[in-house]
Amino acid sequence: MTDEDLGIDFSKLRKEFGQAKEKEERYWRENDAKFRAVHQRVGSYEEFRDIVLASHIKPLERGDKMPDRPKQPWNVAAIHNSTASAPHTAGGKTTSTRAERDRGSEGAAGQSDRALSSHAFHKTWRQLVTKEEKFRFLCSVGGDRVQRVFRTEISSDLLSEVLQVLNENAQSADMNSLTSLLLGFSQTGRFALNVQFFGEKDRHTCSELLLTMKRRAEQAGTSHHAQHTLTDINQQSSAVDSSCTGDHGTNGSEGVSDPHGDNILDLIAQLQTVYNVKL
């Protein structure tokens, strides 16, 4: 007895079942994305909608990227013009001295008094080699300026590198500097979308960073107060930026205390929610 004898069109039935299954999966996927967006406390309906619409996208792991992606220069003339100022080479390998890197870091710090663009930030970031140099550069920029530089958007790769740099310096860095930068990056454009698509490595790095900060705060005693809260980052950022550079005599910021008196552990708990990680 054939399918035709039974009067059943199994191909049509299979197609309808596939459509129903896809519709059901989409419903639950978007429903979960809505709950995640509410949990992250997104700042606008547009961010909420972007998270829901992008719920079908899966995050890329490091191994998923093409290892030998060709790099096509978009401005050949600029490359030729920069040949004269290229670094010295030895044995066919490009070399750069510590002094040159320090000058690059100092030049970036000198931009703190001027408007720093996203392009200038990336250019300086690529010139720095060690995580220690990159951390000093981040401190010279400060959390408030980071927020303005990347008000449009920040790339997931850069955010991942920043978290690694902060994590490497979490044991010895000033706690106010760490919280200032973490809060500053949390206010950048499309931050919530980047957090949603964090890979396992990024989540582990962020979790390890916040856990280190929490342990340091507990060891130092929970009476230490943060100089930032999520609601007054703009008012307090100048004081914390001075703590990065060691300048406590600017704008009367010496001995600045948080008017709200938020405990550093409470602030770390807020950062845990913002970055959507578990300790």
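Let's start with D50, which is partly exposed, at 27% relative accessible area. D50 forms a salt bridge with R190, and their closest N and O atoms are 3.9 Å apart. This pair links distant parts of the chain: D50 is in helix α3, residues 45–53, while R190 is in the loop between α10 and α11, 140 residues apart. R190 is partly exposed too, at 44%. By salt bridge I mean a side-chain nitrogen of Lys or Arg within 4 Å of a carboxyl oxygen of Asp or Glu.

A word on the source. This is a predicted model, where local features need pLDDT of at least 70, side-chain atom pairs count only at pLDDT 80 or more, and totals for chains, interfaces and linings use all residues. Residues are numbered from 1 along each chain as its sequence is written, and side-chain values use heavy atoms, with hydrogens and water left out.

Now the overview. The chain has 14 helices and 2 strands. Those are DSSP runs numbered from the N terminus: helices are H or I with at least four residues, strands are E with at least two. Of the 279 residues, 36% are buried.

Back to salt bridges. The structure holds 5. Another one joins E161 and K134, with the closest N and O atoms 3.7 Å apart. It also links distant parts of the chain, from E161 in helix α9 to K134 in helix α7, 27 residues apart. E161 is partly exposed at 32%, whereas K134 is buried at 13%. Then there is R26 with E30, at 3.1 Å, N to O. Those two sit 4 residues apart in helix α2, so about one helical turn separates them.

Next, the core. Which residues touch the most other members of the largest nonpolar core? They are F121, L138, L166, L182 and Y275, out of 43 residues. Helices giving two or more residues to this core include α6 (118–127), α7 (131–141) and α12 (200–220). A nonpolar core is a set of buried Ala, Val, Leu, Ile, Met, Phe, Trp, Tyr and Cys residues joined through side-chain atoms within 4.5 Å. Take L138: beyond four places in sequence, its contacts include F121, W125, V162 and L166. Contact means heavy atoms within 4.5 Å.

Aromatics next. F121, W125, F137 and F150 form one cluster. The whole structure has 7 aromatic pairs. In one of them, the ring centres of Y27 and W28 are 5.1 Å apart and the planes stand at 80°, so the pair is edge-to-face. The cut-offs: rings of Phe, Tyr and Trp (its six-membered ring) pair if their centres lie within 6.5 Å; planes under 30 degrees apart are stacked, over 60 edge-to-face, the rest tilted.

Last stop, helix α11. Q196 and A37 are 159 residues apart in sequence, yet their C-alpha atoms are 8.7 Å apart. Leaving aside neighbours within four places, Q196 contacts R36, Q40, I51, S55 and R203. N194 is in α11 as well, residues 191–196, and it is buried at 14%. N194 touches I154, S155, S156 and L159, not counting residues up to four places away.

How values were computed: Buried < 20%, exposed > 50% of the residue type's maximum accessible area, 1.4 Å probe, protein only.
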